[in-house]
Amino acid sequence: MGEEGTEGTVHLLCLAASSGVPLFCRSSRGGTPARQQLPFSIIGSLNGVHMFGQNLDVQLSSARTEDTIVVLLVGLEELTNIRNVERLKKELRASYRLIDSFLVDSELIGDLTQCVDCMVSPEGSLLQEALSGFAEAAGTAFVSLVVSGRVVAATESWWRLGTPEAVLLPWLVGSLPPQAARDYPVYLPHGSPTVPHRLLTLTLLPGLELCLLCGPRPPLSQLDPQLLDRWWQPLLDPLRACLSLGPRALPAGFPLHTDILGLLLLHLELKRCLFTVEPSGNKEPSPGQRRHLLRSFYALVTATHFPPEPGQQEKVENAACLAQVPRACYQVSGTEEPGSGWRLVALHLGPRLLLLLLSAQSPTHGLRGLATHTLHALTPLL
């Protein structure tokens with residue numbers, strides 16, 4: 001597979017490792033899907049570089065020019081030992097919407113953090129109780145409520161799904177066109193890469209879906225309207241309240257400092273996160289710019305300041321080295337004078353990592369205090 005960016009266009013190209021036959025090419029420009037395709041000459045060149053390196057027992061991971069980046073990715077064994085190329089190309093079409101969703105500007109961030117994007121409902125306990133009862137009645141332990149790719153509530157078994165399926169399943173649901181019900185075959189990269197499971201989805205309200213992961217049973221027909229009404233009709237108001245949260249992902253009225261333009265809260269042990277760039281008002285920069293700033297800052301701090309895996313700090317045997325691990329950092333675009341530039345601050349306490357995007361009015365000397373106060377306020381939610 002390869003990914004190339006040219007003049008704002010990103011291409012994701014998948015080649016058969018043995019023959020170099022193009023399996024698919026998906027493109028986006030300016031954060032939206034595009035029909036522009038890579039020229040065959042570039043596809044051939046990429047395959048030639050890959051084959052040349054393979055013959056020398058060298059794996060090419062990336063190549064750069066002034067305005068282009070090409071990234072090569074290694075696929076599963078099933079994609080490298082291909083018996084029928086044309087059949088595989090047809091089967092891969094079912095993944096196009098999911099693939100495209102990773103190339104465009106998304107309100108989610110699980111693709112980068114490998115944590116499940118979540119949404120906090122003010123009636124979370126009621127929804128959780130109904131979800132557990134419905135799961136028992138339906139005969140499956142893996143059930144969740146999903147709004148636009150964000151998990152509102154889930155059973156314990158669903159939360160115990162490994163990475164990356166815990167991230168991919170709600171993302172897949174959010175990428176599909178609206179339907180009243182689905183019976184969708186899925187392979188779990190970690191739990192079951194060769195035997196498909198069934199992903200059943202039922203639309204309770206437009207934009208809110210009930211998701212079940214199961215084997216041959218139950219049949220979709222068993223999940224009749226009477227069963228759904230029994231568990232979910234009494235909770236229509238809490239369900240509608242989930243939809244009203246929208247991209248904010250936090251309950252209305254949740255107290256946040258007015259300088260906060262966006263936030264990312266991660267629970268590194270539970271592998272869950274809250275991500276929003278619309279906590280209040282319509283201020284500059286735009287939501288798309290805010291997402292870009294927070295994603296870039298997350299990539300920076302996890303690469304340079306904070307360990308990417310939970311518990312890594314505790315594994316450091318040298319106490320002197322442990323004492324030098326930072327707990328907070330900040331970045332300022334422009335000058336540090338109030339009223340100029342954006343402020344980004346990260347705070348790592350225990351299993352939680354908080355990143356804030358703050359307005360230019362926020363003084364740098366108060367960033368850590370504001371982040372600490374915000375983290376304490378958010379802790380009961382995640």
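A charge sits over a ring if NZ of Lys or CZ of Arg is within 6 Å of the ring centre and within 35 degrees of the ring normal. The model shown is predicted: local features need pLDDT of at least 70, side-chain atom pairs count only at pLDDT 80 or more, and totals for chains, interfaces and linings use all residues. Residues are numbered from 1 along each chain as its sequence is written, and side-chain values use heavy atoms, with hydrogens and water left out.

**View 1. The charged end of Arg272 sits over the ring of Trp159.**
The distance from the charged end of Arg272 to the ring centre of Trp159 is 3.7 Å. Arg272 belongs to strand S14, where Arg272, Leu274 and Thr276 point one way.

**View 2. The whole chain, in brief.**
The chain has 13 helices and 17 strands. Helices (H or I, at least four residues) and strands (E, at least two) are DSSP runs, numbered from the N terminus. Of the 382 residues, 44% are buried. Buried means under 20% relative accessible area, exposed over 50%, and partly exposed in between (1.4 Å probe, protein chains only). The accessible surface comes to about 19500 Å², and 55% of it belongs to carbon and sulfur atoms. These areas come from the Shrake-Rupley method with a 1.4 Å probe; for residues, only the protein chains shown count as cover. Take the contacts between residues at least 6 apart in sequence: 58% join residues at least 24 apart. Contact here means heavy atoms within 4.5 Å.

**View 3. Strand S14 (residues 272–276) is largely enclosed by the rest of the structure.**
Of its 5 residues, 5 are buried. Cys273 and Phe275 point the other way from Arg272, Leu274 and Thr276. In a regular strand the side chains alternate between the two faces of the sheet. Two strands pair if DSSP finds at least two bridges between them. Strand S13 (residues 260–267) pairs with S14 in the antiparallel sense, over 5 bridges. Leu263 has Thr276 in S14 as its bridge partner. Strand S7 (residues 116–117) runs parallel to S14, joined by 2 bridges. Asp117 stands opposite Cys273.

Lys271 is partly exposed, with a relative accessible area of 24%.

**View 4. Gln114 also has a positive phi, near 60 degrees.**
Gln114 is found in the loop between helix H5 (110–113) and S7. At 28% relative accessibility, Gln114 is partly exposed. Most residues other than glycine have a negative phi, and most peptide bonds are trans.

Pro164 sits in the loop between helix H7 (156–159) and H8. Pro218 is in the loop between strand S12 (208–214) and H9.

**View 5. Helix H8 (residues 165–175) is mostly covered.**
Of its 11 residues, 9 are buried. Among them are Val167, Leu169, Trp171 and Leu172.

**View 6. The rings of Phe134 and Trp232 form a tilted pair.**
The structure holds 2 aromatic pairs. In this one the ring centres are 6.1 Å apart and the planes meet at 55 degrees. Rings of Phe, Tyr and Trp (its six-membered ring) pair if their centres lie within 6.5 Å; planes under 30 degrees apart count as stacked, over 60 as edge-to-face and the rest as tilted. Phe134 is in helix H6 (residues 124–138) and Trp232 in helix H9 (residues 225–232), 98 residues apart. Phe134 is buried, at a relative accessible area of 0%. Trp232 is buried too, at 3%.

**View 7. Cys118 is in no disulfide.**
The whole structure has 0 disulfides. A disulfide is a pair of cysteine sulfur atoms within 2.5 Å. For Cys118, the nearest cysteine sulfur is that of Cys273, 6.4 Å away. Cys118 is buried, with a relative accessible area of 6%. Cys329 is buried, with 14%.

**View 8. Thr374 is buried in helix H13 (residues 367–378).**
Its relative accessible area is 4%. Leaving aside neighbours within four places in sequence, Thr374 is in contact with Leu256, Ile260, Leu354 and Leu356.
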